[in-house]
Amino acid sequence: MAAASSSDSDGRRAESDEANSKWLDAHYDPMANIHTFSACLALADLHGDGEYKLVVGDLGPGGRQPHLKVLKGPTVLTESPLPALPAAAATFLMEQHEPRTPALALASGPCVYVYKNLRPYFKFSLPPLPPNPLEQDLWNQAKEDRIDPLTLKEMLEGIREKAEVPLSVQSLRFLQLELSEMEAFVNQHKSKPIKRQTVITTMTTMKKNLADEDAVSCLVLGTENKELLVLDPEAFTVLAKMSLPSIPVFLEVSGQFEVEFQLTAACRNGNIYILRRDSKRPKYSIELGVQPVGLVRVQKVLVVGSTQDSLHGFTHKGKRLWTVQMPATILTMNLLEQHSRGLQAVMAGLANGEVRIYHDKALLNVIRTPDAVTSLCFGRYGREDNTLIMTTRGGGLIIKILKRTAVFVEGGGEVGPPPAQAMKLNVPRKTRLYVDQTLREREAGTAMHRAFQTDLYLLRLRAARAYVQALESSLSPVSATAREPLKLHAVVQGLGPTFKLTLHLQNTSTARPILGLLVCFLYNEALYALPRAFFKVPLLVPGLSYPLETFVESLNNKGISDIIKVLVLREGQSAPLLSAHINMPVSEGLAAA
């Protein structure tokens with residue numbers, strides 16, 4: 001009886017979860033034998049019959065049997081082998097002619113295979129790279145039998161360790177051979193030209209000149225030699241080539257090629273580079289500091305997943321907007337776009353078997369799967385508009401359909417209060433003095449503010465009075481008039497009885513020089529003697545400090561000192577522009593005598 005009641009409760013719980021879910025379980029096959037990632041999934045109406053198919057670039061078990069698979073519903077429609085592991089799959093319109101059926105592009109190794117109506121249509125190969133000149137010279141010597149295979153191996157190994165240009169595939173294969181196989185390999189390949197080929201790391205599409213959904217699109221390729229190539233959709237020629245500081249692994253595109261576009265590339269060095277039209281080099285750069293695991297553009301926000309189990313939002317100029325921490329490692333990311341409600345969100349597949357859907361940093365929904373999801377794709381499949389397709393780490397296939405009545409609400413992915421709400425904060429205990437001071441400020445806040453303002457006004461009044469007194473007694477070394485912006489600084493040097501007096505006079509204006517100034521010394525002639533008590537000042541250039549030197553001789557031998565007053569005047573005027581009082585030191589020489 002107890003077992004029966006527990007099974008009934010589990011069944012009712014599952015039914016309630018199904019009723020509360022926003023998704024319908026359309027298909028689940030844990031033995032589908034599909035091993036791929038999000039970049040190798042694409043949805044398209046390949047035959048123009050309104051029935052959307054799923055294109056899968058399948059790596060095969062352990063990455064040993066790559067295939068191109070096309071699924072209709074839960075069944076495999078066609079399957080064909082691939083010569084190399086797929087890097088990306090995309091569907092695009094090549095031309096405006098009817099019928100408007102899209103073409104399929106699959107990037108694999110150094111080639112892009114283009115299919116129309118699921119039949120091979122064109123094969124584009126990346127242009128070869130120039131070989132290493134030292135490597136070319138060694139194989140030319142081997143062709144003329146001027147070098148033996150063992151020496152050739154030693155020289156190629158030295159080039160591989162030091163040269164910036166990597167070796168060709170032919171040389172790399174030669175270095176992997178045993179000594180007994182080298183001579184036969186050299187005889188077989190010494191007459192062949194050296195070819196150095198790169199491979200495609202990522203691929204996406206970009207509208208050519210119109211923003212319509214059914215407009216002609218160009219292919220954008222990222223290569224292992226740190227380049228981005230834009231291909232013409234009809235002639236498959238290279239329309240544009242851009243260089244990057246590192247190897248691109250994720251691409252996002254917005255705009256049209258012939259109008260204005262923005263290319264965003266996440267690279268292996270942990271940086272994200274943003275390029276604009278007519279720019280051969282990146283315009284902006286985002287330094288993540290860790291490796292990116294996904295890149296999705298949601299309207300004008302770039303959402304990046306990192307190996308630190310977090311999602312980051314950036315503007316199109318590289319400014320960080322927000323960061324969300326994930327509960328587990330991010331395995332894959334993709335875009336969820338619900339056209340009927342105008343919603344764009346980010347889907348993130350985690351290692352703990354969850355698929356989380358975010359709008360900016362707000363969690364919308366959480367989908368729990370039996371196994372960790374390694375690839376995600378959302379769009380029209382068959383005749384259903386909002387279909388979510390997932391493949392798992394074990395090769396399973398999961399298909400879910402979004403309910404027509406489902407509405408995503410921010411915070412809808414969490415049940416109950418967030419876990420952070422239950423965590424206790426480490427708040428230090430408040431001292432009795434702090435509590436008393438807080439109560440005092442709360443009760444007498446108005447009176448404390450008034451007392452502070454009174455003291456502030458008194459301080460300002462005393463400062464103004466002291467300034468006026470200094471101006472009236474001509475004690476200020478700075479000119480009080482804006483018409484003659486001058487600054488004076490005096491320095492006394494020496495032990496006596498003769499002192500060196502240096503006046504540093506500076507014109508503090510920004511552009512106007514000053515001419516026609518006089519310096520006058522007022523002093524007690526019984527105590528001091530100056531060779532020149534009155535002299536002219538040269539032209540004062542703005543910003544420069546002019547040292548004016550003279551000597552003062554102390555005439556008193558009783559250790560008496562006095563003040564020497566320095567006046568700066570204008571020719572023909574009796575009122576000084578500025579003045580300074582110099583407290584002369586006691587003459588040590590006369591005092592000792």
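In which strand is H312 found? In this predicted model, where local features need pLDDT of at least 70, side-chain atom pairs count only at pLDDT 80 or more, and totals for chains, interfaces and linings use all residues, H312 is found in strand β20 (residues 310-314). Residues are numbered from 1 along each chain as its sequence is written, and side-chain values use heavy atoms, with hydrogens and water left out.

H312 is buried at 7% relative accessibility, where buried means under 20% relative accessible area, exposed over 50% and partly exposed in between (1.4 Å probe, protein chains only). Its side chain makes the polar contacts tabulated below; a polar contact is a pair of N or O atoms within 3.5 Å, and within protein one must be able to donate a hydrogen and the other to accept it, while residues adjacent in sequence count only if both atoms are side-chain atoms.

| Side-chain pair | Polar contact |
|---|---|
| H312 and R320 | 2.8 Å |
| H312 and T323 | 3.2 Å |

Leaving aside neighbours within four places in sequence, the residues in contact with H312 (heavy atoms within 4.5 Å) include L288, V304 and W322.

Strands here are DSSP runs (E, at least two residues), numbered from the N terminus, and two of them pair if DSSP finds at least two bridges between them. The antiparallel strands β32 and β34 (residues 545-554) are joined by 2 bridges, and A529 has E553 in β34 as its bridge partner.

Terms used: Helices (H or I, at least four residues) and strands (E, at least two) are DSSP runs, numbered from the N terminus.
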